[in-house]
Amino acid sequence: MIFCTYQYAHWGADDTDELLRILDENDVKTTFFMCGYWVDDYPEEVKKIAEAGHDLGNHSATHPHMSQLSKEQIKQELQAAHQKVKDLTGVNMELFRPPFGEYDNKTIEAAQELGYYTVQWDVETLESM
């Protein structure tokens with residue numbers, strides 16, 4: 001089994017079924033990092049992802065630049081997204097991937113104080129348009 005992480009923060013949901021099919025065909029489980037507003041816009045897609053056995057991670061409520069926020073604002077971003085996912089799926093997220101890949105000690109400390117482990121990527125897969 002292969003594990004990877006996938007940011008599903010703010011793009012549409014048109015490819016969700018196809019993506020889940022491909023992951024299933026290849027016996028891949030991944031972490032989908034959720035933004036709160038994506039959860040609001042696509043609740044059925046969030047449920048499909050969780051029901052397919054994939055992990056859900058926190059990507060904030062509104063996708064802000066975390067280093068520009070106070071520690072309390074960072075916590076509010078994480079708690080808001082967390083509660084939306086918890087209410088919808090029952091999942092208590094434990095991983096946090098900062099929007100834009102931006103973080104500082106304050107961001108990591110705020111996440112840690114809420115029980116989150118902060119992760120980052122090492123391969124960027126977006127192509128230039």
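This report walks through salt bridges in a predicted model.

Residues are numbered from 1 along each chain as its sequence is written, and because the model is predicted, local features need pLDDT of at least 70, side-chain atom pairs count only at pLDDT 80 or more, and totals for chains, interfaces and linings use all residues. Side-chain values use heavy atoms, with hydrogens and water left out.

A search of the whole structure turns up nine salt bridges (a side-chain nitrogen of Lys or Arg within 4 Å of a carboxyl oxygen of Asp or Glu).

| Pair | Closest N to O distance |
|---|---|
| Lys 84 and Asp 40 | 2.7 Å |
| Lys 71 and Glu 113 | 2.9 Å |

Take the pair of Lys 84 and Asp 40. Lys 84 sits in helix H4 (residues 71–89) and Asp 40 in helix H2 (residues 36–41), 44 residues apart, so that distant parts of the chain are linked (helices, H or I, at least four residues, are DSSP runs numbered from the N terminus). Lys 84 is partly exposed at 29% relative accessibility, and Asp 40 is partly exposed at 46% (partly exposed lies between buried, under 20% relative accessible area, and exposed, over 50%, with a 1.4 Å probe and protein chains only).

Lys 71 belongs to helix H4 and Glu 109 to helix H5 (residues 105–113), 38 residues apart. Glu 113 is in helix H5 too, 42 residues from Lys 71. Lys 71 is partly exposed at 28%, as are Glu 109 at 38% and Glu 113 at 47%. Together with Lys 75, these residues are linked in a network of salt bridges.

Conventions: Helices (H or I, at least four residues) and strands (E, at least two) are DSSP runs, numbered from the N terminus.
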